[in-house]
Amino acid sequence: MTDLSDLYQQIIVEHNRAPRNFKKLAHPTREAEGANPLCGDQIKLEVELAGDRIADIGFQGSGCAISQASASLLTGAVQGKTTAEAQALFKAVHTMLTSPPGTTVDTSGLGKLAALAGVRQFPVRVKCASLPWHTLRAALESAAQPVSTE
Amino acid sequence: MTSVRHASPSVHRPALDVEQVRRDFPLLQTMVRGKPLVYLDNAATSQKPRSVIARTEQYYATENANVHRGVYELSERATAAYEDAREKARGFLNAASAREIVFVRGTTEAINLVASSFGRKELQAGDEVLITAMEHHSNIVPWQLICAERGALLRVAPMNKRGELLLDDFARLLSPRTKLVAVAHVSNSLGTINPIADIVRLAHAKGAAVLVDGAQAAPHAPIDVRALGVDFYTVSGHKMFGPTGIGLLYGTTARLEALPPYQGGGDMIKTVTFAKTTYAEPPAKFEAGTPNIAGAIGLGAAIEYLRGLDWDAVQAHERDLLAYATERLGALSEVELVGTAGHKASVVSFTVRGVHAHDVGTIVDQEGVAIRTGHHCTQPVMDFFGVPATARASLAFYNTRADVDALVSAVQKVTRVFAA
């Protein structure tokens, strides 16, 4: 039996209502767009790298609470990190989101991002949470094409 | 609904016995997430009565053979059942002849068939195809493809903020260059019922053929293609309580005879030599390869089931459900209805202020309520109304006021979750 409060945790509802770093950067050095064509979530992520470090990050777009909160949490989590650290975080979040429902996942070291752990109980919503993360990876790797998690 | 056959007025009008009807549908008896299923996604696909499920099983258990091929008894039996389903489909659409009924995979394939065959024969550079602003992607994209191939122009008749076709603008967009008009009988995302007879009259006056996407109309009323005067009419079996993977293309004999084949293969030929192949007459000309025999027979059983219903009672019941759902959802301050045409089928699209449709869908699902959320394969409609997505409750005759109540209390829960 899944529980709604696992999905819509306070922190997710709050980040959806007031997303952090919902902004356009003045001097982005990397950017990527992501979309879930089937549900209409879309996000544009801009990154300003100072050397190998993420000096600033902002996102724009629209979508469900899960995708918006995930993007908001993402921007807070990778701010000031090196690209390698951000990539490691992508892997950790991806593992957390794609672990089969019912199994235990290690969310230590994920901080506020642990709030996204409940999403995996709702398989059709996993792509909502993962979209900003795939978009981040595309931005860091400067993928030329918009990404899709469909 | 307009342009459909109404049974002659009966002396006494018993209301539809919904509880008895519901017992015919095994899936409606199931539980979801520990709660009785409230199925309100009928515009996506409908549930199947036991008779359809049983007829399909019976075919595989006792009649399975390829059609139109064998000289043995079993094949004759399969062929007879398949052609009997075609006759039932003829009756459902009130076509003049069963030869005007082509079995296809569904409405999407039917439209692609006409776009391809009609387009290759009739569309020249500069010609036009006219659709409306409320079409499903399957009645947009096939026309874009063939128009691009033929150098033809796709034009779009606008609607108003209620989701009603602007018939004057539609009439103005018709020209001698308009070769075909393709329009939904009922909008899948808004519920709007279009004035097909008027559209046909206007289009025919300019010499344009008319294709009607009837996918969302057939579940709500028997159709009368002759009264409507259409050239082509399409339905999907799975939306009218039949199996998936089967649908109907109706075309007048004159139209079907004039069209070139769609796909090539077995069953659609008269003679084949390496130098020259001649084609079978319609409908075989358009049914290349082994068809969905079980699907066709199952669809025949669905039509048989629909024929057993009192349609005056069904339509009165659906009108009541639509009015009740509109009133109850409309009364919620955070809910905005999308699509408020004066003439509607029992489809209610809505948004919840500050909450994305997918969050609405997930939360009401926890209450056992199944609704569709998203753009409903009508992105231009979403753009027109300035929303990324809507939640849509689409009701069938087996739904009840209690189903609507369950939806309304689930939507109220949405507000509570997001107020947290």
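A residue counts as buried if 20 or more other C-beta atoms lie within 10 Å of its own. A:Leu113 has 22 C-beta neighbours inside 10 Å and therefore counts as buried. The model in which this holds is a predicted one.

**A:Leu113 in chain A**

A:Leu113 sits in a loop of chain A, between helix H4 (83-98) and helix H5 (126-140). Leaving aside residues up to four places away in sequence, A:Leu113 touches A:Leu73, A:Ala77 and A:Val93. A:Ala69 is 44 residues from A:Leu113 in sequence, and the C-alpha to C-alpha distance between them is 9.9 Å.

**Contact between the chains**

Chain A contributes 16 residues to the contact and chain B contributes 14 residues. On the side of chain A that touches chain B, helix H1 (4-7) and helix H2 (10-17) of chain A each supply at least two residues. By class, that side of chain A has 11 nonpolar, 4 polar and 1 charged residues.

**Chain B as a whole**

Chain B contains 14 helices and 17 strands. Its radius of gyration is 22 Å, close to the 22 Å that the globule rule gives for 420 residues, so chain B is as compact as a globular protein of that length. Along the principal axes, the C-alpha atoms of chain B fill a box of roughly 75 × 55 × 45 Å. Of the 420 residues of chain B, 52% count as buried. Among contacts in chain B with a separation of 6 or more, 72% join residues 24 or more positions apart.

**A helix pair in chain B**

Helix H4 (residues 107-122) of chain B packs with helix H5 (residues 141-150) of chain B at an angle of about 15 degrees, and the two axes are 9 Å apart. Angles under 35 degrees count as roughly parallel, and H4(B) and H5(B) are therefore roughly parallel to each other. The crossing of H4(B) and H5(B) is right-handed. H4(B) makes the contact through B:Ile111, B:Asn112, B:Ala115, B:Ser116 and B:Gly119, while H5(B) uses B:Pro142, B:Trp143, B:Leu145, B:Ile146 and B:Arg150. The residues in the contact of H4(B) with H5(B) divide into 6 nonpolar, 3 polar and 1 charged.

**Backbone details in chain B**

| Residue | Phi | C-beta neighbours inside 10 Å | Class |
|---|---|---|---|
| B:Asn94 | near 55 degrees | 16 | partly exposed |
| B:Phe241 | about 75 degrees | 28 | buried |

Both residues are in loops. B:Asn94 is found between helix H3 (73-93) and strand S4 (101-104) of chain B. B:Phe241 lies between strand S9 (232-236) and strand S10 (247-251) of chain B. With 28 C-beta neighbours inside 10 Å, B:Phe241 is over the cut-off of 20 and so counts as buried. The count for B:Asn94 is 16, which falls between the limits of 12 and 20, so B:Asn94 counts as partly exposed.

A further backbone feature is a cis peptide bond, which runs from B:Pro282 to B:Pro283 and has omega near 5 degrees. B:Pro283 belongs to the loop between strand S12 (277-279) and helix H10 (293-307) of chain B.

Definitions and conventions:
Residues numbered from 1 in each chain as written. Chains lettered and ligands numbered in written order. Predicted model: local features only at pLDDT ≥ 70, side-chain atom pairs only at ≥ 80, totals over all residues. Axes fitted to C-alpha atoms, helices over the stretch in contact; angles between N-to-C directions. Helix = DSSP H or I, 4+ residues; strand = E, 2+ residues; numbered from the N terminus. Parallel < 35°, antiparallel > 145°, perpendicular 65-115°, else oblique. Left-handed = near helix turned anticlockwise from the far one by under 90°. Contact = placed C-beta atoms within 7 Å. Nonpolar A, V, L, I, M, F, W, Y, C, P; charged D, E, K, R; others polar. Rg over C-alpha atoms; globule rule 2.2 N^0.38 Å.
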